[in-house]
Amino acid sequence: MLPFNRPIIVFLFLIVLAIIGLRQCPFEKPEVVQKSQIIMDTVVQITAFGEEGSRTTAAVNAAFGEMKRIEALTSFYMEGSDLQRLAVAGSAEVSPEVAGIISLGLEVARASGGAFDMTLGNLKSLWGIETDQPRVPGVEEIREALKGTGPDALKVDGLRVEKKSAATTVDLGGIAKGFAIDRAVDILAGNGIKHAAVNAGGDIRLLGDRKGKPWRIAIQDPRHSSRFAAKLFLKDVAVVTSGDYERFFEKDGVRYHHLFDPRTGYPSQASRSVTVLAENATLADALATAAFVLGPEKGLDLLKKFPSAAGLIIGADGKNHTTPGFDKVVEWQ
Ligand code: ADP
Ligand code: MG
């Protein structure tokens with residue numbers, strides 16, 4: 001006689017199957033982790049696919065930590081930041097991160113004929129667009145705030161950053177968010193993540209695809225917040241938008257926003273929004289700001305100077321202007 005009867009054998013067999021199933025489950029079904037935090041005054045959302053939930057969560061948390069570290073280095077308002085030290089000194093030794101941001105920014109400054117300008121700190125404070133009390137300054141005040149600005153006002157040599165004059169105030173607001181996004185992606189990739197999206201208020205970098213499918217990214221219509229201008233199908237790329245519709249105030253029918261034309265000291269009226277695709281978000285961020293200021297024609301010329309860049313410029317008249325690389329990934333709405 002057998003030691004077990006048939007129902008007991010079946011029962012034991014099922015238990016063995018269940019144990020095997022439980023052990024294999026986390027390996028077979030990849031986990032998706034999605035978390036949000038406010039960093040750099042923006043809601044940052046990270047979506048990551050990983051083999052194991054707890055490891056993916058740890059990678060996402062580390063990526064947020066790195067973005068906060070970059071915020072502390074690049075913010076003008078954070079006690080002891082490189083930027084605060086640069087504000088009081090004519091020249092200062094900065095972190096490798098800030099030196100790297102400034103040298104890429106200077107490259108975009110040169111390529112854009114000065115439209116991208118990291119020395120507009122005084123002008124930004126004067127207008128106060130992102131504060132509770134924005135105002136249209138007088139012509140004389142603007143002239144004063146433009147002193148010490150321009151593509152030659154800032155130099156970087158290794159880790160040493162030098163300002164042309166005491167009036168020069170460095171502002172990395174047009175590029176630092178892109179860099180923080182790139183660092184977050186580096187941390188995710190370094191932790192073995194192969195599919196992720198880091199989205200900081202619409203400025204995005206994608207790592208890989210969305211588990212075998214392209215990521216779908218919608219671009220907002222700059223004049224209708226509930227409508228999309230276009231939909232993009234992307235993988236492994238940065239996509240960054242600069243627009244006049246998020247941080248602005250209106251006075252006497254004029255829209256005053258946070259993207260300044262360094263030649264005039266007023267918000268640029270050349271575009272409504274610019275979306276740039278590039279190999280990294282630091283470059284895409286700087287190019288989007290610069291192309292916005294330049295407007296459709298010169299903005300597209302600028303994007304064509306960078307082999308990894310492509311983009312859409314929605315002009316002041318609402319018309320779309322694109323590079324050939326952008327046409328390949330867009331679906332118009
Ligand atoms: P957002 O902060 O909405 O993502 P941007 O990346 O376009 O938008 O950056 C806007 C910021 O860039 C401004 O708040 C200011 O700090 C800075 N900025 C404004 N005009 C210029 C310019 N011509 N060149 C470089 N930076 C600029
Ligand atoms: Mg920018």
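I count a contact when heavy atoms lie within 4.5 Å. The model I am reading is predicted.

**Helix H7, packing**

I looked up what the buried residues of H7 touch. They pack against strand S2 (42-50), helix H2 (53-74) and helix H4 (96-111). Strand S6 (195-200), strand S7 (203-207) and H8 are also on the list.

I then checked burial along H7. Of its 15 residues, 11 are buried, so the rest of the structure largely encloses this helix. Among the buried ones I noted Ala176, Phe179, Ile181, Val185, Ile187 and Leu188. Lys177 and Asp182 are buried too.

**Helix H7, geometry**

I tested the length of H7. At 1.5 Å a residue, its 15 residues should span 21 Å. The end C-alpha atoms are 21 Å apart, which agrees. Just after H7, I found Gly192 with a positive phi of about 85 degrees.

**Magnesium ion (ligand 2)**

Which atoms coordinate the magnesium ion (ligand 2)? I found Gly174 (O), Asp285 (O), Asp285 (OD) and Thr289 (OG1), at 2.0 to 2.6 Å. Along the chain, the donors follow the spacing G-x110-D-x3-T. Gly174 sits in the loop between strand S5 (160-163) and helix H7 (176-190), while Thr289 belongs to helix H8 (residues 281-294), so the pair ties together parts that are 115 residues apart in sequence.

Are Gly174 and Thr289 buried or exposed? My cut-off for buried is under 20% relative accessible area. Gly174 has 17% relative accessibility, so I count Gly174 as buried. Thr289 has 13%, so Thr289 counts as buried.

Conventions:
Residues numbered from 1 in each chain as written. Chains lettered and ligands numbered in written order. Predicted model: local features only at pLDDT ≥ 70, side-chain atom pairs only at ≥ 80, totals over all residues. Heavy atoms only, no water. Donors = N, O, S within 2.8 Å, 3.2 Å for Na, K, Ca; no water. Helix = DSSP H or I, 4+ residues; strand = E, 2+ residues; numbered from the N terminus. Buried < 20%, exposed > 50% of the residue type's maximum accessible area, 1.4 Å probe, protein only. Expected span 1.5 Å × (residues − 1).
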